Amino acid sequence: MTTDLRTERAADLPTVRPPRPRATFRARLGSSFAMFRNRKSITGLAILGFFVLVAILADVLAPYSPTKVDSAARLQPPSVEHWLGTTHLGEDVLSQVIYGTRGVIVVGFLAAIMATIIAVVVGVVAGYLRGWRSESLSALTNVFLVIPGLPLIIIVASMFDNPPLVVIAAVLGLTGWAWGARVLRAQTMSLRNRDFIQAARANGEPLHRIIGKEMLPNLMALIAASFVGTVTAAILGLTTLSYIGVIPVNTYNWGTILNWASAQGAFRQNQWWWFMPPGLCIAAIGVALSLINFGIDEYVNPRLRSAGERARAMRKRGLDVNDPVTAVRPATSAQERA
Amino acid sequence: MTAVQPQMPTQDALEVGTTATTAVKGRSRIPWRFLAGRAAFYLFTLWAAITINFFLPRMMKGDAVSQYLSRNRNVSPEAADALRSLLGLDTDKALLHQYVDYWGLLLRGDLGVSLLHGLRPVTEVISQALPWTVGLVGFATLVSFAIGTIGGGIVGWRRGSRLDGLIPVTTFLATIPYFWLGLLAIAVFSVNLGWFPIGKAYGVGMRPEWTAEFIGQVIHHGTLPAVTIVIASLGGWMLGMRNMMLTVLDEDYVMVAQAKGLPNKRVLWRYAARNAVLPQIQSFALSIGFIVGGTIVMEMVFSYPGVGKLLLDATNAKDYALMQGVFLVITLSVLVANILADIAYAFLDPRTRQTEA
Amino acid sequence: MRDSLLTVRDFSVVYDVDPPVEAVKNVTLELHRGEILGLAGESGCGKTTLAYGVQRLLKAPAVITSGSVVFHDSSGEDIEVDRLDAEQMRQFRWDKISMVFQGAMNALNPVATIGSQLEDVFEVHRPTMSRAERREAVVELLEIVKVGRQRRRSFPHELSGGMRQRVMIAMALALRPQLMIMDEPTTALDVLVQREILQQISQLRHEFGFTVVFITHDLPLLLEISDRIAIMREGEIVELDTAERIWTSPRDDYTKTLLSSFPRLTGERGVVVR
Amino acid sequence: MTVLEFDRVTKIYSVRGAGQIKALDDVSFTLTSGQTIGLVGQSGSGKSTIAKILTQLETPTSGQVRLDGEPIPRRGAGLRAYRQKLRMVFQDPFASLNPYHSVRYHLERPLRLDAVVPKAALEDEVRRLLERVRLEPETVIDRRPHELSGGQRQRVAIARALASRPLLLVADEPVSMLDVSIRLGVLNLLADLRREEGLGVLYITHDLATARHFSDEIMVLNQGRVVESGPADDVILRPQDPYTRELRAASPDPEKHFASVSGQHGGVL
């Protein structure tokens, strides 16, 4: 009955009803991706899509092989032949960056897929179960959250002489699922007690349908957010590990380029064409991913979007949302607009 | 009221507890149940970390000592055996036996010896590095948390103003890789502008001592690493606090505070921010593990003589005892920081003091 | 003839969104000193908007587009509420008009003690009071509403729903205001607790003589406790009359609909049909 | 004729730090199809525990629940048959429908699960159900819950409960979250269904007036015990138990109020 008043207050305010969707396959698909249908998410997806294309078409796009040594052109600043200049061995930086995209995208997505699968299974199961089983899964999640990940990854990675990308992705995934699982568990627990889940159970729906058809659709936004979050973490983790040198430097990604640049003193000799592009690429993909997550956040919690946007819209009309006193305005202006 | 029903019960229905939430009698000001639950969790985590630590060197192909020997040929076989027993890698013992021995050594504070540092005890090596890390990173993290939380509170309160623009900026700074930011900072402020020294904790030829000159050096050397840590981690705190503020500002008690005629400042800090900060503290506790990861990179970039640098050097030299020791110490400090955050949370949120969940 | 406490004339509130929503339309209302005015209506009818609007408690996008609100202070001064600036408004609030919100957990700050939330009011509105005086006043308030002085150091979650509501009443009473606006003060409570709270309000009113605007959708309850009742629908007051006349001879069709929405507790089975 | 028996059911919860709490204490009653029992009590009186036991979310600590003389099976086909015969209408229509699914989905699921009609007839059956709860199939069938008003949602929830052609309906505060003027409409719908289809309804509420209006019998629950039960008018008009009297005295009753007021003033009415 607490909600009685709340719904009434909310009803005092105008609500915007979206147009009635037909329950066709297309509408269903559309609503599954509703969380991406906002400007922030679309911008983010476009940037991400660009990098994915670059990764796929690396062979076509790169003007040189990333390892092709041009001893005549060492440490050249950008020129017509080498758009982003060359390294200390005369390798083409642009080609390295283009090929480096591959490693980043592949590892980022592989790790995120693994982490998300673990997070969904652990989170949803822990949220749906009760009692000690739920508690122990939650404790396990928290242990993975609390144990510092990077040192562990460094130690594990150092045990392989030449770890393949899959192993790196697996290690990043195995250490990166806990946050998503924690969020999903909390949300599942709140869903579990909702009446529509009770109703489905009373209908005699089997467990797999209750989880798959009743709960998961309502968790999609959070799952997407946790996926995007782990991609970000995995990409930062991969480039960091590559920069540190834990991951062998002969597989190209943006972190290894920076490792070479740093080792050859590019930062101290202002060879900006060498160290700026890979760093900016990581930043760009990071921005893209956080834009997507901003979009999802605002879809999940409309208050976040509406708060800012509405406040700005109000300001344009001469109203201040922080004003603790209701504004008084003679009818003319409001009715003119109406 | 124009009419009062005469046959009303005289007993106080509140004392009987007519609703499900009866008042808790005899409550204690110290949240024992909450703290006990957390303590059990930390003990479990500690056990898990130590056990991982035990198994890590045993998962490798060959053993650590043989690998070490293969690269350092001037070690005698007797010395190698001694090393094995120091590391608890006596292969002729059963695994369980090794595990028990390992715990015995740990409880005596014996983490083995470091091959990299001339067979000095690992504890000694780490205890030299630890203060640098804890000092610099602890300071920078607290500063970042404070600025981010206060800033996020203000941005959330003044939503829709130009301050909203801060959020994308700080988020951008948080998405660029930390090591790159650090290297750029060195390139700009140390190499080109010459304002700060390039890395290290203090100048060459200095000896750690409590003199004004030395402390000045430490501050001069520490500024760039500290500032970069703050810049890189500010965004998360700010965004989190701002989002929480937006949620809290819609709560009824904020409206009540305004209806009470309280000045805005009081509503902002005592009502809105005071509640919004609680989830911040919880995420602070949980993100300490991530912060430590950043530390390692920071120490590499700035050649700072802390435990992170120690770990990287140990990893490159395959000095397993030192690696294990560092990992253990890092985990321990994360747990201690977590406990501190938990205690702070318990005392800031009276609801954890409830005796019954 | 009773003198008036609050005169609302031609009062309109618009939510300035696209398209603008008129939540309260040209309401004119005279509140008598010492009466209980019931404000009834269904969700979204604007009763909450009206009550909050006269104190200018609504946040943007709400805008008062027309009308005047005049508060006739007991000192003889007339205060034009719609002309006050932010600081004057802040001082006016709670001192002249206080509010009792729905007694759920949410109206009290969960991390502050009951005592400190009561003291807040004195600290801000009575800056000359010493710490000891404030504490004394808080204790007195808690005793008046029968919560007990020992609850001063309790946190909201440690109190039952009924107790929290009493604390809210104590808070509203703190500055001895002339008008108390009660927004669904008993909706979340069980019927026995509700009755007790109502009795307490009645008793306090005899003692302190404040006027009450009581908002609820529970018309039978309103009929029992109010002197006059205003029935609101879609932002307008469709009928305003004494409780007895609303009960015995409602004129508006909507009032009749509302009345017939409640089955009779006693008497013949069925609903009242007018 | 279907009979649900609650036979001396006791439910005890153990609460950490607070010992044991008796949510239900030796509760017995019988619900027959075609009959409405009003279950009245304040929060914490044990009303929802009875609903939870009936929907198999809780099991009694002692005592038995029987349907037509048979104890409720724990699993398997027997449980399915029981669930088909007894359905639940929840309090909050905003929470009892999955925001992700359309009205059609909500009604098709129980039809499919209990194989009420052949697949080809699903669509017609869904429309028929909507008509039975006085909703226009064309306008609501493809909508999602957030596009419906509270009253419409609750009607959909009732239609869902009716889909598997149950014999008994448990309605837990079915109108307390709805707007005042549409409450009677929903309650009248339940009353019609009881009459037309011979449903047995267990109407759980805290509102004495609607309990009296819509129930044949009323059962008053206080702290897990049935303190009074009997024909609705007897319980409300001539309450025997002190607790029932308190409840009645505390419930708003303008009729009595104005009778007494006018009495004091010398009888205007």
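This is a predicted model: local features need pLDDT of at least 70, side-chain atom pairs count only at pLDDT 80 or more; totals for chains, interfaces and linings use all residues.
A residue counts as partly exposed when its relative accessible area lies between the limits for buried, under 20%, and exposed, over 50%. By that reading Gln76(A), with a relative accessible area of 33%, is partly exposed.

**Gln76(A) and its surroundings**

- Gln76(A) sits in the loop of chain A that runs between helix 4 (58-61) and helix 5 (93-128).
- Leaving aside residues up to four places away in sequence, Gln76(A) touches Gly85(A), Thr86(A) and Trp273(A).
- Glu91(A) lies 15 residues from Gln76(A) along the chain, and the C-alpha atoms of these two residues are separated by 9.7 Å.

**Fold and dimensions of chain C**

- Chain C is built with nine helices and 10 strands.
- The radius of gyration of chain C is 19 Å, close to the 19 Å that the globule rule gives for 274 residues, so chain C is as compact as a globular protein of that length.
- Taken along the principal axes, the box filled by the C-alpha atoms of chain C is roughly 55 × 45 × 45 Å.

- Of the 274 residues in chain C, 69% are buried.
- Among contacts in chain C with a separation of 6 or more, 67% are accounted for by residues 24 or more positions apart.

Technical notes
Residues are numbered from 1 along each chain as its sequence is written. Chains are lettered from A and ligands numbered from 1 in the order in which they are written. Side-chain values use heavy atoms; hydrogens and water are left out. Helices (H or I, at least four residues) and strands (E, at least two) are DSSP runs, numbered from the N terminus. The radius of gyration is taken over C-alpha atoms; the globule rule is 2.2 Å times the number of residues to the power 0.38. Buried means under 20% relative accessible area, exposed over 50%, partly exposed in between (1.4 Å probe, protein chains only). Contact means heavy atoms within 4.5 Å.
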